[in-house]
Amino acid sequence: MNPSQQEIINKTAKFIEEKFAGEGTGHDWHHIYRVWKSAEQIAKTENCNAYIVSLSALLHDIADHKFYNGDLLEGSRQTKTWLEQAGADKDTIEQVADIVKRVSFKGANVKDEMPSIEGQVVQDADRLDAIGAIGIARAFAYGGSKHRSLYDPKEVYEMHTDFDSYHKSESSTVAHFYEKLLLLKDRMHTETAKKIAAKRHQYMEGFLEQFYGEWEGKL
Ligand code: ADP
Ligand code: NI
């Protein structure tokens with residue numbers, strides 16, 4: 001008998017949790033867990049296949065392009081290998097691998113296109129995790145890992161229009177807000193994610209205002 005969809009989801013979660021154990025780069029299991037859980041919730045508000053959403057959320061960062069020398073197909077390759085082994089059907093494997101491939105395209109100078117609603121839900125959940133309180137924490141953790149300064153008042157921040165080139169930046173972590181984080185609310189696909197993003201965006205704006213005040217030594 002073929003394993004049930006729920007069994008395949010459970011197996012995949014276990015596999016990914018083990019694979020990402022000890023990752024401290026912002027792509028840890030906790031990130032994937034949050035994306036998985038919020039994607040499940042967004043999926044309930046959309047007419048979509050929740051099975052594809054769950055698997056794609058769990059597998060979306062299986063191979064980060066930053067660690068695979070820009071080989072954008074590594075993620076979909078690993079996804080296929082895993083799902084075949086887990087006993088998923090061919091159609092599911094194709095759909096999930098395509099979503100994983102498209103999610104990896106972000107930040108790699110490739111226009112981001114996400115045609116399926118399941119992929120849009122996962123992309124929204126992934127982007128939501130880059131904003132708000134968690135997003136702020138992840139940005140400073142990432143910046144610290146690259147030995148970036150918190151903020152540099154000499155930098156001039158303009159909202160970037162070239163959304164896909166942000167990885168090239170060598171600037172401070174606050175600059176990353178203007179390169180990417182403050183743009184994400186307008187990049188959401190689903191209504192549910194747009195509403196959550198609006199709240200988290202406001203939170204980040206409040207954070208920056210407070211940050212600039214404290215930077216100047218204001219009490
Ligand atoms: P994901 O795959 O989760 O969408 P990324 O791989 O682009 O995200 O980045 C992982 C985390 O690190 C995100 O929270 C992102 O905002 C943050 N990050 C990426 N690039 C930078 C940067 N240049 N400065 C600060 N934070 C960054
Ligand atoms: Ni992610």
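The structure is a predicted model, in which local features need pLDDT of at least 70, side-chain atom pairs count only at pLDDT 80 or more, and totals for chains, interfaces and linings use all residues. Residues are numbered from 1 along each chain as its sequence is written, while chains are lettered from A and ligands numbered from 1 in the order in which they are written.

**Overall fold**

The protein contains nine helices and zero strands; helices (H or I, at least four residues) and strands (E, at least two) are DSSP runs, numbered from the N terminus. Of its 219 residues, 34% count as buried. A residue is buried if 20 or more other C-beta atoms lie within 10 Å of its own, exposed if 12 or fewer, and partly exposed in between, with C-beta atoms placed from the backbone. Two residues are in contact if their C-beta atoms, placed in that way, lie within 7 Å. Among contacts between residues at least 6 apart in sequence, 61% join residues at least 24 apart.

**The nonpolar core**

A nonpolar core is a set of buried Ala, Val, Leu, Ile, Met, Phe, Trp, Tyr and Cys residues joined through C-beta atoms within 7 Å. The largest one here has 41 residues, and those with the most contacts inside it are Ala39, Ala57, Val96, Val122 and Ala125. Domain 1 (1-110) and domain 2 (130-219) both contribute residues, so this core lies between them; the domain bounds come from an automatic or database domain assignment. Leaving aside neighbours within four places in sequence, Ala57 is in contact with Val35, Trp36, Ala39, Val122 and Ala125.

Helix H3 is mostly covered, as eight of its 10 residues are buried.

| Helix | Residues | Buried residues |
|---|---|---|
| H3 | 50-59 | Ile52, Val53, Ser54, Leu55, Ser56, Ala57, Leu58, Leu59 |
| H9 | 191-215 | Thr192, Ala193, Ile196, Ala197, Arg200, Met204 |

The cover over the buried residues of H3 includes helix H1 (5-19), H2, helix H4 (74-86), helix H5 (90-104) and H6. For H9, the cover includes H2, helix H6 (117-128), helix H7 (132-145) and helix H8 (173-179).

The 25 residues of H9 should span 36 Å at 1.5 Å a residue, and its end C-alpha atoms are 36 Å apart, which agrees; the expected span is 1.5 Å times one less than the number of residues. Just after H9, Gly217 takes a positive phi of about 80 degrees.

**His31**

His31 is found in helix H2 (residues 29-44). This residue counts as buried because it has 20 C-beta neighbours inside 10 Å.
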